[in-house]
Amino acid sequence: MAKYDSVRGQELMEVEEKGNEITLIFKDNRYLFVKVVNGEFLVDREQYPNIKGKELVQAKENENELVLTFNDGSFSIKVESGKLVIDAVPE
C-alpha cells in the first residue's frame with residue numbers, strides 16, 4: 001500500500017504509546033501513527049524492545065489488524081473492538 005512507502009525500508013527507532021495511539025518513529029524522521037477508535041489495542045508490548053533497530057520490510061492491513069514485517073520477524077497490532085486508523089507521515 002502506498003501509505004507505507006515512506007516507512008518501508010526504514011529502521012525503527014522508537015515506539016511510543018499514549019492512550020489510544022501508538023506512534024512508530026523511524027529513521028529519517030518518518031512516522032507511522034496507529035490509533036484505535038472506540039476500542040482497545042491488543043498488542044504484545046514486551047516486543048517493543050525487540051523491534052527497535054529493525055528495518056521494516058512490509059506492512060499489511062487486515063480487518064482490525066496491522067501486521068508489520070521486519071527483517072527478522074513480524075509484529076502485530078490488533079484491536080478487539082472498535083476501528084483501527086493508520087496514517088503515515090513522510091519526512
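This is a predicted model: local features need pLDDT of at least 70, side-chain atom pairs count only at pLDDT 80 or more; totals for chains, interfaces and linings use all residues.
The core comes first. In soluble globular proteins, nonpolar side chains tend to be buried together. Here the largest nonpolar core comprises 25 residues. Leu24, Leu32, Val34 and Leu68 have the most contacts inside that core. Leu32 shows what such a position touches: apart from neighbours within four places in sequence, its contacts include Tyr4, Ile22, Leu24, Phe26, Leu66, Leu68 and Ile86. Asp87 and Ala88 are also in contact with Leu32, as is Thr23.

Strand E2, which spans residues 21-26, contains Thr23. Thr23 counts as buried because its relative accessibility is 10%, and buried means under 20%. Leaving out residues up to four places away in sequence, Thr23 touches Glu14, Val15 and Glu16, and also Tyr31, Leu32 and Phe33.

A pair of aromatic rings is described by the distance of the centres and the angle of the planes. The whole structure has two aromatic pairs. One of them joins Tyr31 and Phe33, with 5.8 Å centre to centre and 5° between the planes. That pair counts as stacked because its angle falls under 30 degrees. Tyr31 has a relative accessible area of 25% and is therefore partly exposed. Phe33, at 24%, is partly exposed as well.

Side chains of opposite charge can pair when their charged atoms come close. There are five salt bridges in the structure. One of them is between Glu14 and Lys52, at 3.0 Å from N to O. This bridge links distant parts of the chain, 38 residues apart: Glu14 is in strand E1 (residues 12-18), whereas Lys52 is in the loop between helix H1 (48-51) and strand E5 (56-62). Both ends are partly exposed, Glu14 at 31% relative accessibility and Lys52 at 33%.

Arg45 sits in the loop between strand E4 (41-43) and H1, and the two partners are 28 residues apart. Arg45 is partly exposed at 41% relative accessibility, and Glu17 is partly exposed at 29%.

A further salt bridge joins the side chains of Asp5 and Arg8, again described from N to O, at 2.8 Å. Asp5 has a relative accessible area of 47%, so it counts as partly exposed. Arg8, at 29%, is partly exposed too.

Notes: Residues are numbered from 1 along each chain as its sequence is written. Side-chain values use heavy atoms; hydrogens and water are left out. A nonpolar core is a set of buried Ala, Val, Leu, Ile, Met, Phe, Trp, Tyr and Cys residues joined through side-chain atoms within 4.5 Å. Buried means under 20% relative accessible area, exposed over 50%, partly exposed in between (1.4 Å probe, protein chains only). Contact means heavy atoms within 4.5 Å. Helices (H or I, at least four residues) and strands (E, at least two) are DSSP runs, numbered from the N terminus. Rings of Phe, Tyr and Trp (its six-membered ring) pair if their centres lie within 6.5 Å; planes under 30 degrees apart count as stacked, over 60 as edge-to-face and the rest as tilted. A salt bridge is a side-chain nitrogen of Lys or Arg within 4 Å of a carboxyl oxygen of Asp or Glu.
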